[in-house]
Amino acid sequence: MNRDIHRIIINEYESRQQAASHRQLLKKEEVYKKIPRIEEIDNQIHLTGIKYNKAILLGIQPSDRAISELLDKIDCLKREKRQLLLDFSYPENYLELEFQCKQCKDTGFVETSTGTEKCSCYRQQYINHLFKQSNIKVLDAENFSTFNEGYYPDEVNEKKFGIRISPRQNIIKIRERSQAFIENIDNPQDKNLFFSGPTGVGKTFMVNCIASELLKKGRTVLYQTAQSLFKVINDYRLSALKDNEFEDTVYSDIFNVELLIIDDLGTESPTATRYAELLNILNTRQENNLSVPCKTIIASNLGINLLNEYYDERIVSRIIGGFDLFRFAGNDIRMLKKTIQA
């Protein structure tokens, strides 16, 4: 994912520079037609520069006086050019290249006291592409800034909610663990997260909160429902059989992205092949996480007891051993919001 995004951004900068050159060319054609003297000035500046550079290449070192005269001549021509533009109601910098980012001039890089660094516009583009490729569409609405524990009741009722503390205490605890997960993304000892609970109690919302924060930090995130995840894998298998050199970046990201989110686990069609694929994903990502961040979050309506009935014991064992398990509880927030709006 990282490599693909950087390639896209570099291509975008090249396109920006080409567009800037094209705009400048059109402006020159327009101005030269109206003010022929400016074309003469540009040619004089160009020829003067060539004359100086030729002397340098031939080993003829111009004297300080010659250099000063040359610079004075160019400066005089530029002043005349600026004044002509103003006389014809153009801005004095009208013929200069126009870049979207003046800081890096649409190269993506700036020179600093410590060397060449990525421009802030490059970093912002990278984050924008991460959000786009994460496969999550609602992060502007579902993030920690819009999180509201007020939707969760203070009532302690284990029989009703399936937990020994109130849903509000529970969600605050989950939020704190989620924020710690974000801070410890580089720690291979920090466990993955498994969120379970009924529909409408905030599992996907919390997943999106985590994803949003990591994307803002420039981390790679990929969101897949269980059904779409196995479709990607199945499509890859079929295409790879036909073409040994077939590549699929989404398939590769499933195993290598810094955070993989598998939502709605348990809604996919149950087959032995899919169980084997899921086990392979979990095993591979756990091995990768020893050297680079490779964390996984799973959200499911199935509790750990139902997982035992639904999945191979090796998968359940991997989840119990490699994930912190959290049960979401409370009332259906979607229904609650509709009631409030009504």
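In the predicted model, Ala 226 counts as buried, with a relative accessibility of 0%. This residue belongs to helix 8, which spans residues 226-242. Excluding residues up to four places away in sequence, the contacts of Ala 226 are with Ile 262, Asp 263, Asp 264, Leu 265, Thr 267 and Glu 268.

The C-alpha atoms of Lys 203 and Ala 299 are 6.5 Å apart, with a separation of 96 residues along the chain. Lys 203 is found in helix 7. Despite its charged side chain, which is counted as positive, Lys 203 is buried because its relative accessibility of 7% falls under the 20% cut-off. Beyond residues up to four places away in sequence, Lys 203 touches Phe 195, Ser 196, Gly 197, Pro 198, Ala 299, Ser 300, Asn 301 and Phe 328.

Helix 7 also contains Asn 208. The relative accessible area of Asn 208 is 2%, and this residue is therefore classed as buried. Its contacts, again without residues up to four places away in sequence, are Ile 136, Val 138, Leu 139 and Glu 142.

The largest nonpolar core comprises 41 residues. Within this core, the residues with the most contacts are Phe 195, Met 206, Ile 210, Ile 261 and Ile 297. Two or more core residues are supplied by each of helix 1 (2-34), helix 4 (120-133), helix 6 (167-183) and helix 7 (203-216), and likewise by strand 3 (192-196), strand 4 (221-225), strand 5 (259-263) and strand 6 (295-300). Helix 7 provides the largest share, 8 residues. The neighbourhood of Ile 297 illustrates the packing: with residues up to four places away in sequence left out, Ile 297 touches Phe 181, Leu 193, Phe 195, Val 207, Ile 210, Leu 259, Leu 260, Ile 261 and Ile 262.

The loop between helix 3 and strand 1 was examined next. Helix 3 covers residues 64-87 and strand 1 covers residues 109-112, and Ser 89 lies in the loop between them. Most residues other than glycine have a negative phi. Ser 89, although not a glycine, has a positive phi of about 65°. With a relative accessible area of 68%, Ser 89 is exposed. Lys 105 is located in the loop between helix 3 and strand 1 as well. Its phi is likewise positive, at about 55°, although Lys 105 is not a glycine. Lys 105 counts as exposed because its relative accessibility of 51% is over the 50% cut-off. Asn 93 is placed in the loop between helix 3 and strand 1 too, but is partly exposed, with a relative accessible area of 43%. The C-alpha atoms of Asn 93 and Arg 82 are 7.3 Å apart in space, for a sequence separation of 11 residues.

At the level of the whole chain, 13 helices and 7 strands are present. The radius of gyration is 30 Å, well over the 20 Å that the globule rule gives for 342 residues, so the chain is more spread out than a compact globule. Along the principal axes, the C-alpha atoms fill a box of roughly 90 × 55 × 35 Å. Of the 342 residues, 41% count as buried. Among contacts with a separation of 6 or more, 75% involve residues 24 or more positions apart. The accessible surface of the chain is about 19900 Å², and carbon and sulfur atoms account for 50% of this area. The side chains include 47 positive and 48 negative ones, and the centres of these two sets are 2 Å apart.

Technical notes: Residues are numbered from 1 along each chain as its sequence is written. This is a predicted model: local features need pLDDT of at least 70, side-chain atom pairs count only at pLDDT 80 or more; totals for chains, interfaces and linings use all residues. Side-chain values use heavy atoms; hydrogens and water are left out. Helices (H or I, at least four residues) and strands (E, at least two) are DSSP runs, numbered from the N terminus. The radius of gyration is taken over C-alpha atoms; the globule rule is 2.2 Å times the number of residues to the power 0.38. Buried means under 20% relative accessible area, exposed over 50%, partly exposed in between (1.4 Å probe, protein chains only). Contact means heavy atoms within 4.5 Å. Accessible areas come from the Shrake-Rupley method with a 1.4 Å probe; for residues, only the protein chains shown count as cover. The place of a charge is taken as NZ of Lys, CZ of Arg, CG of Asp or CD of Glu. A nonpolar core is a set of buried Ala, Val, Leu, Ile, Met, Phe, Trp, Tyr and Cys residues joined through side-chain atoms within 4.5 Å.
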